[in-house]
Amino acid sequence: MKFLGLTPELFWSIFGGLAAITALLYILKLRRRRVTVPFSPIWSRVVASTEARRWWEVFKRLLSFLVQCAFLALVVLAIADPHPEERSLEGREVVLVLDTSASMQALDVTGGVDRFDVARKEALKILEGLGPQDAVMLVTMDGQLRPLTPFVKKSAILEQQLKEVKPSATPANVRQAMSFVRDATRGKAKTEVYLFSDAAFPPGEFEAARGLLPPSADFHLVRVGEAGSNVAITAFNVRRYLANPLDYEIYVEVRSYFEREVQVSLELYADGELLDVKQGAITLAPRGTQRLFFPNEGFAGQRLEARVKLTTPDARDVFRLDDTAYAVLPRAKQLKVALVTEQNLYLEAALIANDGNVTYEVVAPGAWSAADAARFDAVIVDRAPLAEAPTQGSYVFIAPPEGGAGWEVKGTMERPLITATQKGHPLLRYIAAKSLDIDKAQKLAVKPGKDQVAASAYGEPMLVARQDGGLRAVAIAFDLRQSSIPLRVALPLLLLNALDWVTDAGDSIVPTWRTGEAWSIPVSREVKEVTITPPAGEPKQVPVYEGRAIFYGEQVGFHEVKTERDTFLAASNLANPLESDIKPPEAAAVAADTLDVAQATRSFQGQPWWIYLVLAAIALLLVEWVTYNRRWTV
Amino acid sequence: MFDDEFLKKLEMLYIISRKIASGQLRAERRTKKIGSGIEFADHRNYSPGDDFRNLDWTVYARTKKLLLKLFEEEEDLHIYFLVDCSLSMTLGRDGETKLRYAKVIAAALSYIGLSNLDRVAIIPFNAKPIDRLPPARGRGQIYKIFQFLDRLEGGGETSIKDAFRTFVTQNKRRGVAVVVSDFYDPAGFEDGLNFLRYQKFDTIAIQLFDQEELNPALRGELQLVDCETGEVRDITVTAALMRRYREAFEAYSKELEDFCTKRRMLYFRAAIQEPFDEVILRVFRAGGFLK
């Protein structure tokens with residue numbers, strides 16, 4: 001046995017001193033209360049019979065003293081903190097890996113708030129049971145791995161850290177965690193690894209991660225969670241209609257992880273106000289998915305939320321994090337366009353048709369100067385030569401003349417027929433270009449690596465998009481008036497597509513981000529740093545690289561992105577069908593690694609001895625109290 | 001202490017006493033003294049020197065034996081109330097003491113005695129008779145008795161033996177001796193009561209006690225001080241000790257009762273919490289007080 005709290009000398013000193021004080025108190029004569037009685041001889045008779053047992057009285061008093069000494073000994077011994085000799089010599093390297101992934105927020109547990117709460121309590125039990133020679137490392141595992149401490153022997157230090165850990169909204173990366181544990185424990189003689197998790201990993205992931213650990217490592221899975229009953233929104237997006245910026249189309253993917261059919265309702269909120277309820281309209285097959293489109297939804301606001309709710313009466317959704325999805329509505333902005341042309345009523349008519357989105361100003365080619373471009377979001381140059389080639393800005397060239405500086409032209413061609421289009425190119429959105437009749441077109445020069453040809457006629461580019469440094473430009477090879485396009489609805493669409501592309505305003509869809517990934521948020525190239533404020537937490541300074549702010553998202557909800565020029569929102573969702581599948585593996589599947597903490601802490605560690613000593617002291621005190629009050633020991 | 005309410009109770013007790021002693025006439029209570037009365041009492045053999053006039057010649061004519069006629073001598077009954085006024089009689093709460101109760105008992109019985117035209121005397125005592133109210137006769141004397149009892153104060157140690165020895169010395173005329181006391185005498189009560197018995201007093205012992213004495217609220221480490229002797233004793237009072245104390249108290253009372261019963265003395269035990277008239281009635285029913 002080894003004393004960790006007191007040295008033997010100090011132990012005997014304290015105990016001896018206290019015992020001496022107790023003995024002194026016993027020796028001191030008791031001050032008795034004086035009571036006058038009418039006839040003491042009757043008392044004398046009684047006391048005489050008592051005095052006949054004097055030796056017993058003396059023994060009882062001695063017994064009381066001995067009980068007091070035993071009490072003191074137990075208390076001092078508890079302070080001395082005795083431990084078995086062999087235990088105090090054997091130290092282990094213990095790694096506690098705490099799963100802080102999103103699925104740990106599931107509520108299908110007893111004895112705690114959620115899975116993570118239960119896991120934390122189990123981890124605390126293990127921590128409390130560790131010996132003074134054991135070194136412990138605390139690691140959290142979600143989308144990222146975070147070693148919270150190195151190996152430390154004062155496990156009490158870890159308790160506070162353990163209490164401060166919170167689960168994130170990211171999926172778990174168990175392979176990464178086990179790889180880290182393998183590296184961290186390399187060369188350690190006696191390693192024990194405890195993984196506190198629901199083990200709701202993608203199929204085969206746990207086994208693969210388990211295999212990363214060396215055979216000498218003693219691995220234990222402390223499994224939490226019971227059910228997999230969950231419905232989730234696994235995708236959510238909204239986009240603005242080009243022709244009608246006030247209306248939106250919503251896309252929602254709802255997935256069920258129930259083993260039976262369930263009904264759900266879907267609620268839509270804009271800026272916190274309820275917009276619409278798709279009540280009871282959605283029936284999900286067992287472990288089924290529904291992809292829903294809601295066209296022509298008109299609403300105002302910027303923050304859009306979709307909330308899915310179970311309406312099947314006896315079903316319970318135990319995982320709430322994925323029940324709400326977030327999206328940011330694309331901002332409708334009105335472009336200010338300079339139309340550099342002699343005169344083109346078709347063009348003006350097409351721009352007028354987009355009156356809500358575009359305002360324009362007609363400028364004669366002779367009156368145009370490059371400096372004027374700064375006043376406009378985009379410039380449409382219709383058949384007009386420019387004095388100097390623009391190097392930045394947004395330009396649409398229509399039938400650029402040969403010899404002009406705007407777009408290099410290599411000649412003309414008669415009656416070209418568009419033979420190839422690049423499917424899905426933003427310039428051709430909603431347009432069937434191949435059916436156009438064109439009388440005459442310019443032969444556009446193309447800069448390899450910078451230009452994208454959206455449409456061509458026997459290899460000659462007819463519609464080209466250029467990204468060259470700060471310049472975004474579109475070239476239309478033919479004069480609009482010398483084609484059939486003015487008679488078609490394609491003209492205003494083509495113009496809008498071109499303007500959207502050059503102004504980079506084609507973001508009729510604002511991307512929603514997924515947690516557990518590094519987001520690459522586009523910002524202006526001139527911005528060097530942005531501040532991102534997550535839904536819960538402090539603002540973070542995020543560096544910008546080549547017009548992209550790189551940020552690791554851990555929370556679902558709306559993040560405020562603040563640049564020097566602008567402030568906008570970024571929405572993030574779990575949107576991870578694998579992480580939403582919260583059902584833990586069958587107990588039998590992981591039985592070999594599963595640890596019963598209660599059993600383990602009993603058999604492996606047991607309670608520290610000092611607790612039993614204190615309990616014994618309390619019991620002794622109780623006995624002394626009872627015997628004193630019943631006058632057995634006085 | 002002796003207010004109108006008390007007097008009403010006394011009157012009621014007197015009426016009850018009359019019913020119990022029905023048929024007896026006023027002034028017809030006799031002593032056992034054989035003397036020169038006119039009422040024949042008994043015969044005895046003639047002894048030389050006896051008065052010839054009292055020889056029963058009728059008997060001699062029939063049996064040829066000389067027998068002398070004896071006559072009862074009529075005289076008033078003397079009742080002596082020996083009231084214990086020692087310090088132990090003065091302990092109690094809220095003025096409810098054994099001494100007060102003793103005064104009440106003595107007053108009540110005195111009233112009955114006076115109403116029966118007996119001669120009533122009060123002798124308070126502790127280690128010796130403290131004072132003396134000479135024998136008084138007639139109901140009108142009751143206020144004198146009240147005044148005397150009212151004036152009595154407690155104090156001093158108890159010595160029944162010394163007190164009763166002095167009493168019998170001073171009072172040669174026999175009668176009824178009613179001893180109202182707690183009989184807390186370290187030297188014992190036996191000698192004192194024997195003095196009364198030897199001098200042919202009809203003795204009635206009324207032992208008073210306080211329920212507080214029987215069940216004292218004592219616990220823990222105590223120093224007991226005897227109120228009369230000042231004797232000090234350290235004691236640890238436990239539940240078991242209290243049980244033994246009660247047994248000892250009862251045993252002491254039993255000793256007194258056995259002593260009196262064996263010697264044909266009437267014995268009564270009364271807690272001062274008991275209404276005094278019930279005690280008086282118990283005395284009546286025992287028949288010792290009403291001849």
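Good morning. This is a predicted model, in which local features need pLDDT of at least 70 and side-chain atom pairs count only at pLDDT 80 or more, while totals for chains, interfaces and linings use all residues. Residues are numbered from 1 along each chain as its sequence is written, chains are lettered from A and ligands numbered from 1 in the order in which they are written, and side-chain values use heavy atoms, with hydrogens and water left out.

Let me begin with the cavities. A cavity is a set of points, on a 1 Å grid over the protein atoms alone, where a 1.4 Å probe fits but cannot get out. Its volume is the space filled by probe spheres set on the points, which are joined across faces, edges and corners. The search of the whole structure finds 3 cavities of 30 Å³ or more. Lining residues have an atom within 4 Å of a point, and for the second largest cavity they include A:I418, A:L428, A:M462, A:F478 and A:L494. By class, this lining has 11 nonpolar, no polar and no charged residues. Here Ala, Val, Leu, Ile, Met, Phe, Trp, Tyr, Cys and Pro count as nonpolar, Asp, Glu, Lys and Arg as charged, and the others, Gly among them, as polar.

I turn now to the aromatic rings. Rings of Phe, Tyr and Trp (its six-membered ring) pair if their centres lie within 6.5 Å; planes under 30 degrees apart are stacked, over 60 edge-to-face, and the rest tilted. The whole structure holds 30 aromatic pairs over all chains. One of them is the tilted pair of A:F206 and A:F219, at 6.1 Å centre to centre with 50 degrees between the planes. Because A:F206 lies in helix α8 and A:F219 in strand β8 of chain A, this pair ties together parts that are 13 residues apart in sequence. Helices (H or I, at least four residues) and strands (E, at least two) are DSSP runs, numbered from the N terminus.

Buried means under 20% relative accessible area, exposed over 50%, and partly exposed in between (1.4 Å probe, protein chains only).

In chain B, B:Y143 and B:F146 form an edge-to-face pair, 5.9 Å centre to centre and with 90 degrees between the planes. Both lie in helix α4, 3 residues apart, about one turn of the helix. B:Y143 is partly exposed at 48%, whereas B:F146 is buried at 5%. Elsewhere, ring pairs link A:F39 with B:F183, B:Y184, B:F189, B:Y252 and B:F259 into a cluster.

Rings also meet charges. A charge sits over a ring if NZ of Lys or CZ of Arg is within 6 Å of the ring centre and within 35 degrees of the ring normal. The charged end of A:R466 sits over the ring of A:W407, 3.7 Å from its centre. B:R269 lies over the face of B:F209, 4.4 Å from the ring centre.

Finally, consider A:R472, which lies in strand β25 of chain A and is buried at 17% relative accessibility. Its side chain joins that of A:Q467 in a polar contact of 2.3 Å. Such a contact is a pair of N or O atoms within 3.5 Å; within protein, one must be able to donate a hydrogen and the other to accept it, and residues adjacent in sequence count only if both atoms are side-chain atoms. Thank you.

Conventions
1 Å grid on protein atoms, 1.4 Å probe; cavity = no way out; pocket = protein on both sides within 12 Å on 5 of 7 lines; lining within 4 Å.
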